[in-house]
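Please look at the sequence and the structure shown here before reading on, and keep both in view while you follow the text.

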Amino acid sequence: MKWAVQLLQSEFDNVPLALDTTNQKAIEAGISVYNRSKGKPIVNSADAGDRISNIDLAAANDAIVIALCNGEGIAKDNDERMMYMQTLMERGMEHGMDVENDMWFDPLFLVVKGMQDKQMDVLNAIKLFSDEGLKSTGGLSNNSNGAPKNVRPIMDSAMVAMAMMCGLTSAIVNPNDLRLMETIKSCD
């Protein structure tokens with residue numbers, strides 16, 4: 001992890017890095033060599049279940065944490081999603097985190113193919129986060145997972161536009177998807 005962080009930061013110094021592994025020692029190793037001149041490292045991710053201790057790790061290392069609004073499974077509705085968000089937020093506050101800046105809440109973008117009825121819940125959750133002054137993020141491509149390759153950019157572009165209208169702060173996206181990048185720049 002140390003090698004990867006140093007290499008990536010030497011080549012791409014314009015954005016912070018998200019350290020994404022279930023191995024906490026690897027995240028700690030990456031943070032130990034992280035150059036903060038372009039921002040704090042991002043710990044991806046904590047949840048209200050087995051990975052809640054990643055909030056502690058982020059707080060101890062003055063890092064940002066992506067807080068997945070789920071527990072042992074995907075939230076069944078926004079009431080449950082917001083309950084998980086509250087649990088994560090309280091854990092961060094217990095450790096002195098600046099909730100509005102150092103916790104990015106992920107409502108979990110869901111697969112349209114099998115969960116079309118759940119998409120409005122995700123968008124509404126983003127709006128709820130935004131209304132509370134909280135940052136949001138998520139793996140946008142989950143939205144189109146399993147769709148034909150030529151349809152995915154259309155689906156992801158439509159979803160990101162709607163999510164941005166609801167207050168989405170950031171997203172994990174494919175920067176090589178021209179349609180998606182054009183949509184994001186247009187929405188900005």
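Predicted model: local features only at pLDDT ≥ 70, side-chain atom pairs only at ≥ 80, totals over all residues.

Residues are numbered from 1 along each chain as its sequence is written, and side-chain values use heavy atoms, with hydrogens and water left out.

**Two packed helices**

Two packed helices are described by the angle between their axes and the distance between the axes. Helix α3 covers residues 53-60 and helix α4 covers residues 78-94, and they pack at an angle of about 35° with their axes 9 Å apart. Here axes are lines fitted to C-alpha atoms, for helices over the stretch in contact, and angles run from 0 to 180 degrees between N-to-C directions. Helices (H or I, at least four residues) and strands (E, at least two) are DSSP runs, numbered from the N terminus.

From α3 the residues S53, I55 and D56 take part in the contact, and from α4 the residues L88, R91 and G92, where contact means heavy atoms within 4.5 Å. Sorted by class, the contact of α3 with α4 has 2 nonpolar, 2 polar and 2 charged residues. In this sorting Ala, Val, Leu, Ile, Met, Phe, Trp, Tyr, Cys and Pro count as nonpolar, Asp, Glu, Lys and Arg as charged, and the others, Gly among them, as polar.

Which residues of α3 are buried? They are N54, I55, L57 and A58, and because they cover an arc of only 160° around the axis, they lie on the same side of α3. The arc is that of the directions from the helix axis to the C-beta atoms, and buried means under 20% relative accessible area, exposed over 50%, and partly exposed in between (1.4 Å probe, protein chains only). Among the elements that cover these buried residues are α2 (24-32), β2 (42-46) and α4. After α3 comes D62, whose phi is positive, near 50°.

**Salt bridges**

Side chains of opposite charge can pair when their charged atoms come close. A search of the whole structure finds 7 salt bridges, each being a side-chain nitrogen of Lys or Arg within 4 Å of a carboxyl oxygen of Asp or Glu. The table lists some of them.

| Salt bridge | N to O distance |
|---|---|
| K40 and D62 | 2.9 Å |
| R51 and D47 | 3.5 Å |
| D56 and R91 | 2.8 Å |

D56 lies in helix α3 and R91 in helix α4, so this pair ties together parts that are 35 residues apart in sequence. R91 is partly exposed, with a relative accessible area of 22%.

The bridge between K40 and D62 links distant parts of the chain, since K40 sits in the loop between α2 and β2 and D62 in the loop between α3 and β3, 22 residues apart. K40 is partly exposed at 26% relative accessibility, and D62 is partly exposed at 41%. For R51 and D47, the relative accessibility is 29% for R51, which counts as partly exposed, and 5% for D47, which counts as buried.

**A residue of helix α7**

Q119 is found in helix α7 (residues 119-131). Is Q119 buried or exposed? At 8% relative accessibility, Q119 counts as buried. Leaving aside its neighbours within four places in sequence, Q119 is in contact with L110, V111, V112, N143 and M159. The C-alpha atoms of Q119 and F109, which are 10 residues apart along the chain, are separated by 7.6 Å.
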